[in-house]
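Hi everyone, thanks for coming along. I'd like to walk you through one model this morning, so please have a look at it while I talk.

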Amino acid sequence: MTFNPQAVRFVCFDADDTLWKNEEFYRETEDKFYALFDGKLTAKQAGEALFKTEMGNLETFGYGAKSFTLSMIETALANLDNEEAARAAREILQLGKALINRPVTLLPGTQETLRALHGKYHLSVVTKGDLLDQQRKLKNSGLLPLFDHIEILTEKTHQAYLDLFACLHAQPNEVLMVGNSLRSDIFPALEAGAQAAYMPCAFTWQHETRTEPENPPYLQINTLTDILPVLL
């Protein structure tokens, strides 16, 4: 698909690591989690065990900090003896609560970009994860008045994007999806016929990684403000 900004009427933004910081806080929490296995597992082994548990729990718990916390507890229970596991579980609960209650930190250019596009395009947040957690972040971000539509999905799939376009009464090529995940934000949207702008993040969860194509069918940007000269 050739990028065609003249066709765009709807601009959809991913939330975590597109509008605000997220994954780096998970990494900080993981480092504290790995320390609980001192002498039992290396950080690499603990990380591999945690990721395997997370993947096994996705269908049951979905995405987000609550699922992450439960997976950390399950990993500790599976790899520590009873007394150590109980102590670790208490610490993990505190780590999870701290992650959930962490203040929202907007990425550079977020407010500037949204304010510049507000009123000129139909703006949406299209994110996935825990409903309460994402609603809290949106409320605390101060960005809600700038959006016309909020969509919190269980998973970002080709069909989920088609359903979104129908909800918005938009033709697929009229939609620009902006996000940091090739796996969730970019390729499913492209497959549904939308256009896309990819903003790589320095921190990417292993589950969200995907090889970049040599000739990408999307616009690549470094910060959100990079889309302004294209759209305005």
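**Buried charges and a cavity**

Let me begin with Asp14, which counts as buried because its relative accessibility is 5%. Before I go on, please keep in mind that this is a predicted model.

So, which residue forms a salt bridge with Asp14? The partner is Lys156, and the closest N and O atoms of the two are 2.8 Å apart. Asp14 sits in the loop between strand S1 (10-13) and helix H1 (23-35), while Lys156 sits in the loop between strand S3 (149-153) and helix H7 (158-168), so this pair ties together parts that are 142 residues apart in sequence. Lys156 also counts as buried, again at 5% relative accessibility.

The side chains of Asp185 and Lys156 are joined by a polar contact of 2.5 Å. Asp185 belongs to helix H8, which covers residues 182-191. Is Asp185 buried or exposed? With a relative accessible area of 1%, Asp185 is buried. The side chain of Asp185 also has a polar atom 3.1 Å from the backbone nitrogen of Asn180. If we set aside residues up to four places away in sequence, Asp185 touches Asp14, Lys156, Tyr161, Met177, Gly179 and Asn180. Notice that both Asp14 and Lys156 are in that list of residues touched by Asp185.

Let's move on to some other charged pairs. How many salt bridges does a search of the whole structure find? The search gives 13. One more that I'd like to show you joins Lys128 and Glu155, where the closest N and O atoms are 3.2 Å apart. Lys128 lies in strand S2 (residues 122-128) and Glu155 in the loop between S3 and H7, so here the pair ties together parts that are 27 residues apart in sequence. Lys128 is buried at 12% relative accessibility, whereas Glu155, at 25%, counts as partly exposed.

Next comes a pair inside a helix. The side chains of Asp133 and Lys137 meet in a salt bridge, with 4.0 Å from N to O. Both of these residues lie in helix H6 (residues 131-141), and they are 4 residues apart, about one turn of the helix. Asp133 and Lys137 are both buried. Which residues are linked with them in a network of salt bridges? The network links Asp16, Asp133, Arg136 and Lys137.

In general, rolling a probe the size of a water molecule over the atoms shows where empty space is left. Here the count comes to 2 cavities of 30 Å³ or more. At least two lining residues come from each of H1, helix H4 (82-100) and H6. Which of these supplies the largest share of the lining? That is H6, with 3 residues. By type, the lining of the second largest cavity divides into 8 nonpolar, 2 polar and 5 charged residues.

Two backbone details now. Most residues other than glycine have a negative phi, and most peptide bonds are trans. Asp17 has a positive phi, near 70 degrees. You will find Asp17 in the loop between S1 and H1, and this residue is buried, with a relative accessible area of 8%. His169 has a positive phi too, near 60 degrees. His169 is in the loop between H7 and strand S4 (175-179), and it is exposed, with a relative accessible area of 70%.

Last stop, Glu112. This residue lies in helix H5 (residues 110-117). The C-alpha atoms of Glu112 and Leu228 are 9.5 Å from each other, and the two residues are 116 residues apart along the chain. Leaving out neighbours within four places in sequence, Glu112 is in contact with Thr225 and Leu228.

That's my tour, and I'm happy to go back to any part of it with you.

Technical notes. Residues numbered from 1 in each chain as written. Predicted model: local features only at pLDDT ≥ 70, side-chain atom pairs only at ≥ 80, totals over all residues. Heavy atoms only, no water. Buried < 20%, exposed > 50% of the residue type's maximum accessible area, 1.4 Å probe, protein only. Polar contact = N/O pair within 3.5 Å; in protein donor to acceptor, adjacent residues only side chain to side chain. Contact = heavy atoms within 4.5 Å. 1 Å grid on protein atoms, 1.4 Å probe; cavity = no way out; pocket = protein on both sides within 12 Å on 5 of 7 lines; lining within 4 Å. Points joined across faces, edges and corners; volume = space filled by probe spheres on them. Nonpolar A, V, L, I, M, F, W, Y, C, P; charged D, E, K, R; others polar.
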